[in-house]
Amino acid sequence: MRNDEKESMLRIKLLALLCFMFLTTLSQETKDIKVNNIDTAYLAYKQKLKEEALERRTALETALAGANADTVYKVNLRGLYYEELPGLSRFERLKILNAENNELIKISSKAFDSDSLKWISFSNNQLEKVRFSRSTALRIVKLNENNLKS
């Protein structure tokens, strides 16, 4: 093979390599754009869910404020983005409290002082520590998917 042919083949190989590198980079940038668009859409979706949950939370708090404390046996706070429990001590006949899927970090031990409270769930929160009084009447306590330390 002559030098001209070798040089020509080398140029073709070099051009092919540059094209491959360009297309790989372009493909990655396109992938990044798609991921960014998906991330943006997901964040918008999560924000919409939170706004809807906060509307339901406001409606629940309004209903609880006007409720006859003697007739409330169950309170469902599930997925309402609570960072701390609302005051529920006036509901002396409360038997079931569902506070799953919130953003609870800690819970006051006073939350368990009720003699009627039998079932609670604080699953899927961010709890690190939970304390119960010895006189609690609780029978079922759900605490899975938290940050509890032993």
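Biologist: Which residue forms a salt bridge with glutamate 52?
Modeller: In this predicted model, the closest N and O atoms of the pair are 4.0 Å apart. The partner of glutamate 52 is lysine 48.

Biologist: Is lysine 48 buried, partly exposed or exposed?
Modeller: The relative accessible area of lysine 48 is 47%. Exposed would require over 50% and buried under 20%. Lysine 48 is therefore partly exposed.

Biologist: Which residue meets glutamate 61 in a salt bridge?
Modeller: Both side chains belong to helix α1, four residues apart, or about one turn of the helix. The N to O distance is 3.6 Å. Glutamate 61 has 33% relative accessibility and counts as partly exposed. Its salt-bridge partner is arginine 57.

Biologist: How many residues apart are glutamate 100 and arginine 78?
Modeller: Glutamate 100 forms a salt bridge with arginine 78, with 3.0 Å between the closest N and O atoms. This pair links distant parts of the chain: glutamate 100 is in the loop between β2 (96–98) and β3 (119–121), and arginine 78 is in the loop between β1 (74–76) and β2. The separation is 22 residues.

Biologist: How many salt bridges does the structure hold?
Modeller: Among them are the pair of glutamate 52 with lysine 48 and the pair of glutamate 100 with arginine 78. The number held by the structure is three.

Key
Residues numbered from 1 in each chain as written. Predicted model: local features only at pLDDT ≥ 70, side-chain atom pairs only at ≥ 80, totals over all residues. Heavy atoms only, no water. Salt bridge = Lys/Arg side-chain N within 4 Å of Asp/Glu carboxyl O. Buried < 20%, exposed > 50% of the residue type's maximum accessible area, 1.4 Å probe, protein only. Helix = DSSP H or I, 4+ residues; strand = E, 2+ residues; numbered from the N terminus.
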